[in-house]
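Hi,

Here is the structure I said I would pass on.

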Amino acid sequence: MNHDAYPDDYIREILNGVKSIAMVGASPVNVRPSYFAFKYLAQRGYDMIPVNPGHVGKSLMGKPFVASLADIGRPVDMIDIFRNSSHIMPVVDEALKLSPLPKVIWMQLGARDDAAADKAEAAGLKVVMNRCPKIEYGRLSSEISWMGVNSRTLSSKRAPIPTQGMRLSLNRTSVGGGETAASDRAAKNKAELT
């Protein structure tokens with residue numbers, strides 16, 4: 001898999017196919033990006049599981065924190081890693097010990113570990129790096145355009161405004177060719193400057 005650009009169909013298939021998401025690095029602090037992503041995905045009907053050993057005993061949107069993936073005690077479809085790149089391999093190693101295995105390893109914006117991706121893909125998992133499922137869901141459902149962001153999606157009919165637990169259609173086609181290259185260019189330009 002080329003992890004420099006993802007076709008919309010690949011992202012869409014993942015977001016349509018997963019039901020439960022364990023978010024490693026979730027935070028109950030309401031100004032943290034992981035809080036917003038967790039809340040957004042939970043409100044779209046995903047079964048969210050917050051994983052953070054520093055917050056065991058607390059809950060996030062009524063979901064109790066667990067210390068590790070092994071403590072979840074039930075199958076999980078996707079592991080969403082909200083940690084920096086240096087902490088990804090241990091999370092992937094822990095995910096590969098789960099039975100049954102998750103279907104997807106998703107690394108949040110700014111997080112990339114090609115060796116961990118290769119290891120997960122060798123075990124049959126799908127991998128997404130340097131992307132946010134919240135942003136991708138909003139982009140593919142055209143919901144993100146309601147916030148004043150040009151999603152480059154054309155439609156003569158506006159999608160319904162989402163309500164609690166409502167999943168929007170992720171089957172809208174983007175005019176821009178189906179890939180999200182802007183964030184890839186920005187990451188590449190940033191890497192070239194350092």
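**Rings and charges**

Phe36 counts as partly exposed, at 43% relative accessibility; buried here means under 20% relative accessible area, exposed over 50%, and partly exposed in between, with a 1.4 Å probe and protein chains only. Tyr35 is buried, as its relative accessible area is 17%. These are values from a predicted model, in which local features need pLDDT of at least 70 and side-chain atom pairs count only at pLDDT 80 or more, while totals for chains, interfaces and linings use all residues. Residues are numbered from 1 along each chain as its sequence is written, and side-chain values use heavy atoms, with hydrogens and water left out.

Rings of Phe, Tyr and Trp (its six-membered ring) pair if their centres lie within 6.5 Å; planes under 30 degrees apart are stacked, over 60 edge-to-face, and the rest tilted. That rule gives 4 aromatic pairs. One of them joins Tyr35 and Phe36, edge-to-face, with 6.0 Å from centre to centre and 80° between the planes.

Tyr40 and Tyr137 have ring centres 6.0 Å apart and planes at 80°, so this pair is edge-to-face. It links distant parts of the chain, since Tyr40 is in helix H2 (residues 33–43) and Tyr137 in helix H5 (residues 133–141), 97 residues apart. Helices (H or I, at least four residues) and strands (E, at least two) are DSSP runs, numbered from the N terminus. Tyr40 and Tyr137 are both buried, and ring pairs join Tyr40, Tyr46 and Tyr137 into a cluster.

The charged end of Arg44 sits over the Tyr40 ring, 3.9 Å from its centre, and the charged end of Lys134 sits over the Tyr40 ring at 5.0 Å from the centre. For this, NZ of Lys or CZ of Arg has to be within 6 Å of the ring centre and within 35 degrees of the ring normal.

**The sheet**

What order do the strands of the open sheet take? There are 5 of them, running E2-E1-E5-E6-E7 with parallel pairing; two strands pair if DSSP finds at least two bridges between them. Strand E2 (47–51) and strand E7 (126–128) are the edges, each pairing on one side only. From one strand to the next, the twist averages 15°.

Strand E1 (residues 20–24) pairs with strand E5 (residues 78–81) in the parallel sense over 4 bridges, and Val24 has Ile81 as its bridge partner in E5. Helix H3 (residues 88–95) packs on the sheet, touching E1, E5 and strand E6 (104–107), and its direction makes about 165° with that of E5. Axes are lines fitted to C-alpha atoms, for helices over the stretch in contact, with angles from 0 to 180 degrees between N-to-C directions.

E1 and E2 pair in the parallel sense over 5 bridges, with Pro50 in E2 as the bridge partner of Met23. E2 is mostly covered, with 4 of its 5 residues buried.

**The whole chain**

The chain has 6 helices and 7 strands, and 44% of its 194 residues count as buried.

The average pLDDT (the predictor's confidence in each residue, from 0 to 100) is 84, and 74% of the residues score at least 70. Over residues 147–154 it stays under 50, and the model has 12 contacts (heavy atoms within 4.5 Å) for them beyond four places in sequence. Where pLDDT is low, the predicted coordinates should not be read in detail.
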